[in-house]
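Dear colleague,

I am handing over the structure below, and after it you will find notes on what turned up in it. Please read them with the sequence and the model side by side.

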Amino acid sequence: MVLVPGGEFLMGTDSPGVPADGEGPQRLVHIDPFFMDVQEVTNRQFQSFVNATGYVTEAEKFGDSFVFEGILSEAVKHEISQAVAAAPWWLPVKGANWRRPEGKDSNIIDRLDHPVLHVSWDDAVAYCSWLHKRLPTEAEWEFACRGGLKDRLYPWGNKLTPKGQHYANLWQGQFPSENTGEDGFVKTSPVMSFPPNGFGLYDMVGNAWEWTSDWWTVHHTTDRQSNPTGPASGSDKVKKGGSYMCHKSYCYRYRCAARSQNTPDSSSSNLGFRCVSQDQW
């Protein structure tokens, strides 16, 4: 973990990339110092948790999870007869879980240093609690993402690929039909494959979406706030950072101010997490 120093920052944006997501209005927020995992929780780390506790994820209990069709084998796709109407590239795959990210004919043997996927919000909370940590609030996450920079789009600045260099694992090409993999990856990448931000945090955008502790809302006050924690209740939890599937044409959510949501029991092939703590680890 690294110390995120705390301070005041401008949260959200008045120029939202996805207006319906409630990225604005921009507001002044104070955050106390905290410690944050330098990387997304990996398969290796989650495996240690499962080995020590016998924990069974919700995707394993449900028997399926959502996977992007572009990374599935033909054999697995052949067995699927339904999809998400609004996003037909998302398919419910029987047997897909953190151990088998693309279903029964996949494994994580060569991906132990990739972010763990197919973890629900409840699964993420269980892991963090095991280590006496917790999930970040949305405000903590966004403050950390910005890395000390003021009012910038990305953790490194305003240009997506400064001097032609890729700073995050995102989608290049035409979504959802072609991912050229110009950044070196068409699925998840090993954590710490791209440069860290100013706080020493890796993969704050791209690679895998990250759960936060906040309930979802799109109504934000412009009043100055200190350590906000979101609404007291809700139906969905906030996730931040985007994933390897994000492209400006469809999912322009790899900006620090960007946000999205899922129900706490949701899981998918591009959703993970990292932990924070008030104490030095």
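Is Cys-251 buried or exposed? Cys-251 is buried, because its relative accessible area is 9%, where buried means under 20% relative accessible area and exposed over 50%, with partly exposed in between (1.4 Å probe, protein chains only). Cys-275 is buried as well, with a relative accessible area of 0%.

Please keep in mind that this is a predicted model, in which local features need pLDDT of at least 70 and side-chain atom pairs count only at pLDDT 80 or more, while totals for chains, interfaces and linings use all residues. Residues are numbered from 1 along each chain as its sequence is written, and side-chain values use heavy atoms, with hydrogens and water left out.

The structure holds one disulfide, a term used for a pair of cysteine sulfur atoms within 2.5 Å. It is formed by Cys-145 and Cys-256, whose sulfur atoms lie 2.3 Å apart, and the link is left-handed, with -75 degrees about the S-S bond. Cys-145 lies in helix α5 and Cys-256 in the loop between β11 and β12, so the pair ties together parts that are 111 residues apart in sequence; helices (H or I, at least four residues) and strands (E, at least two) are DSSP runs, numbered from the N terminus. Both Cys-145 and Cys-256 are buried.

With kind regards
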